[in-house]
Amino acid sequence: MVEFDRLSNEIGILRAKLFDLREIEQENARLKSLIGFKQKSPLLLVSARVIARSPDSWSSSVIIDKGKYNGIKRGMAVINTQGLVGRVVESAENISKVLLVNDPSQGISSIVQRSRQEGLVNGSLGSNLIMRYLPEDAQIAVGDIIITSELSQVYPKGLLVGRVVNIGKEFSGLSRYAVVKPSADLSSIEEVLVIIP
Amino acid sequence: MKKWLSILFVLIILATLQLCWPTFLNFFHTKPDLLLIFVVSLVFYFDFKIALVCAILAGLIKDAFIPTELAINTLLFSLWSYLTFRLSSQISTENSYVRLVIILAMAVLNNTVMGIYILNSGNFIPVGIFLRSILIASIYTAVAAPLIFKLTKKIAA
């Protein structure tokens, strides 16, 4: 009986260790891809870890573990290996607040990569973004890739925003809108890269 | 003094939990407002002055982590605390169902004001997401309330 208890205990400990190892393995893979991306990218990047998320349902933001001490300032663009994540709206000594692209106060001047059609990508608090102010005859189709335009004062040109998943007509009937699926999985971001201009 | 320390400790724990709320516990992309529940529950178990000071503190903590210019949560939490105090002097709030209804009402009011404030700032939110953030988030808050009530009752005892 004592031996059984000892073995059960050992199994429990080994299971916990295995779980930890799996977690470390996944983190290792993520960090490897982040480092690879950082080395290949022509941009000057600072990597940071997400330490907290927005406390309410009315905004979409995260807190990262790097701040002014690491050269991060308000207005800097934040990306990950998948694409655009958001921008820094506040920075303290060692932490910064990042407003994610799906926050409703976000407005990103973007273009359709294929046709160079311009539009404004807004967050909607949901899992998708909305590209607005598209003319009636806009050259846009489902599957098109959306990137940041050079008109954007905050984001460098050419950052991947997402892919068009639906196109509709505005209520006024004067313009169209496109539903854009963000390239970055915003609900599960753990590590990000801040672009130092 | 011991009560104050306990309240502050719980406030910090709840704020941390609110900030690091696990994604798998999200319900339709919403999470319960733990700080709001605590602020309202303090009115039921403590002196109003203590509840009001904690409401201001909780509001300040929440405002520090959301990207709004105005300290809207500080104002709203103080207001909800005062309204709950006035309401509890008018009706009996001993019944736990009454308390749940009060929490639900405060959560709906809080979310509606926040939603209108965001829309008024010129931001666009689709109707479905707007209603989800008001109704489902408020119901989730009310569902999570009994746990915080128990915690507050323990501190008050």
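Predicted model: local features only at pLDDT ≥ 70, side-chain atom pairs only at ≥ 80, totals over all residues.
Residues are numbered from 1 along each chain as its sequence is written, while chains are lettered from A and ligands numbered from 1 in the order in which they are written.

Let me start with chain B, which has 6 helices and 0 strands, where helices are DSSP runs of H or I of at least four residues and strands are runs of E of at least two, numbered from the N terminus. The radius of gyration of chain B, taken over C-alpha atoms, is 15 Å, close to the 15 Å that the globule rule gives for 157 residues, so chain B is as compact as a globular protein of that length; the rule itself is 2.2 Å times the number of residues to the power 0.38. Along the principal axes, the C-alpha atoms of chain B fill a box of roughly 45 × 30 × 30 Å.

Turning to chain A, the domain assignment, which is automatic or comes from a database, gives domain 1 as 1–40 and domain 2 as 107–182, and the C-alpha centres of these two domains of chain A lie 41 Å apart.

Within chain A, strand β6 (residues 107–112) runs antiparallel to strand β7 (residues 118–122), and 5 bridges join them, given that two strands pair if DSSP finds at least two bridges between them. Ile108(A) stands opposite Val121(A) in β7(A), and the hairpin of β6(A) and β7(A) has 5 residues between the strands, with Arg116(A) in the turn at a positive phi of about 65°. On from there, β7(A) is joined by 3 bridges to the antiparallel strand β8 (residues 129–134) of chain A, where Asn122(A) has Ile130(A) as its bridge partner. This hairpin has 6 residues between the strands, and Leu125(A) takes a positive phi near 70°.

Finally, where do the chains meet? On the side of chain B, 23 residues are in contact with 22 residues of chain A, contact meaning that the C-beta atoms of two residues, placed from the backbone, lie within 7 Å. The elements of chain B that give two or more residues to this side are α1 (2–19), α5 (96–120) and α6 (127–156).
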